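Work through the exercises below with the model open. Each task is followed by a solution in steps.

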Amino acid sequence: MPQSSSTKTHDQDPTDITGPTLKSQRTKMVNTSDDSEKKSSGKKLKELEVGVPIVYGNVAFWLGKKASEFQSHKWTIYVRGATNEDLGVVVKRVVFQLHSSFNNPTRVVDNPPFELTESGWGEFEIVMTLHFHTDVCDKPLHLYHHLKLYPEDESGALSTKKPVVVESYDEIVFAEPSESFFARVQNHPAVNVPRLPPGLNLPPPVPIEDVDRRKRGDTKDHPLSQLFTNFSEADELLKLTAARQQVQGHIARLRRQLSMVDGQHQQLKPASDL
């Protein structure tokens, strides 16, 4: 029976609750070893970086008025491609560390989609450890997500119609990728690869596997996909542009106000001071 120190009580009303929230960051990964297994992956490509946009978070459904006290919500915690592409080309496995009150709190998911569904009543922090393929990176990446079951507004009413969705965006950047890794992901839609500098010759890209296997970890047709946050770099750029314009507008208004104050001050000066 999952327990947690965080419990909340809300009016049970069928109105919709808050939608998804999104946090953004950028994580840079660097290999720390150079053993024979790494050497078999080919030399490192200096001054190149490979980016893998990911989104991680949870979707939580209130089970309704008939739900038991200790099974009030059904929730899914996940790591997915930012555009719902298969992350299996980069990620080998994900380990989810749940609250100690769960049976078998350490859950290992060896195949995409990398997600876990459970039920309970409490909110707590979940640690997700991403392990990468040998030729990608020897260091695991730890992601921390606070499981969210209830809307941000404490007075908000619970709803069985619209779940709580909380997601974070992270671009994992792999510095100095190996030749084998770079060749394997050149044509993969989940990975951002840079343009090669002139004169650098690499083996041809590895052919993409058959469609059925390639879509094994694809979350585009996931039953929760309509709830996922649509992250767009273009949208973020528009937001930054709008914010910059707003700041510039404030600066212009402040300058006008200062100019007016200075003009009034000049008018108030005695003639002898002018």
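Buried means under 20% relative accessible area, exposed over 50%, and partly exposed in between, with a 1.4 Å probe and protein chains only. The model is predicted: local features need pLDDT of at least 70, side-chain atom pairs count only at pLDDT 80 or more, and totals for chains, interfaces and linings use all residues. Residues are numbered from 1 along each chain as its sequence is written, and side-chain values use heavy atoms, with hydrogens and water left out.

**Exercise 1. State which residues of the largest nonpolar core touch the most other members.**

Step 1. A nonpolar core is a set of buried Ala, Val, Leu, Ile, Met, Phe, Trp, Tyr and Cys residues joined through side-chain atoms within 4.5 Å.

Step 2. The largest such core holds 43 residues, and the members that touch the most others are Ile 54, Trp 75, Val 90, Met 128, Leu 130, Phe 132 and Phe 174.

Step 3. Elements are DSSP runs numbered from the N terminus: helices are H or I with at least four residues, strands E with at least two. Among those that give two or more residues to this core are β2 (49–62), β3 (73–81), β9 (164–175) and α2 (179–185). The most comes from β2, with six residues.

Step 4. Take Phe 132, with contact meaning heavy atoms within 4.5 Å. Leaving out residues up to four places away in sequence, the residues that Phe 132 touches include Met 29, Val 90, Cys 137, Ile 172 and Phe 174.

**Exercise 2. Give the strand order of the open four-stranded sheet.**

Step 1. Two strands pair if DSSP finds at least two bridges between them.

Step 2. The order is β5-β4-β7-β8, and the pairing is antiparallel. At the edges lie β5 (106–109) and β8, each pairing on one side only.

Step 3. Between β4 and β7 there are six bridges; Val 94 has Leu 130 in β7 as its bridge partner.

**Exercise 3. Find the salt bridge partners of Arg 107 and Asp 135, and classify the burial of Arg 107 and Asp 135.**

Step 1. A salt bridge is a side-chain nitrogen of Lys or Arg within 4 Å of a carboxyl oxygen of Asp or Glu.

Step 2. Arg 107 pairs with Glu 118 at 3.0 Å, N to O. Arg 107 is in strand β5 and Glu 118 in strand β6, eleven residues apart. Arg 107 is buried, at 15% relative accessibility.

Step 3. Asp 135 pairs with Arg 184, with the closest N and O atoms 2.4 Å apart. Because Asp 135 lies in the loop between β7 and β8 and Arg 184 in helix α2, the pair ties together parts 49 residues apart in sequence. Asp 135 is buried at 13%, whereas Arg 184 is partly exposed at 24%.

**Exercise 4. Determine the geometry of the aromatic pairs Trp 75 with Phe 124 and Phe 174 with Phe 181.**

Step 1. Rings of Phe, Tyr and Trp (its six-membered ring) pair if their centres lie within 6.5 Å; planes under 30 degrees apart are stacked, over 60 edge-to-face, and the rest tilted. The whole structure has six aromatic pairs.

Step 2. Trp 75 and Phe 124 are 6.2 Å apart centre to centre with 75° between the planes, hence edge-to-face. Trp 75 lies in strand β3 and Phe 124 in the loop between β6 and β7, so the pair joins parts 49 residues apart in sequence. Trp 75 is buried at 1%, as is Phe 124 at 7%.

Step 3. Phe 174 and Phe 181 are also edge-to-face, at 5.7 Å and 85°. Phe 174 is buried, with a relative accessible area of 2%, and Phe 181 is buried at 0%.
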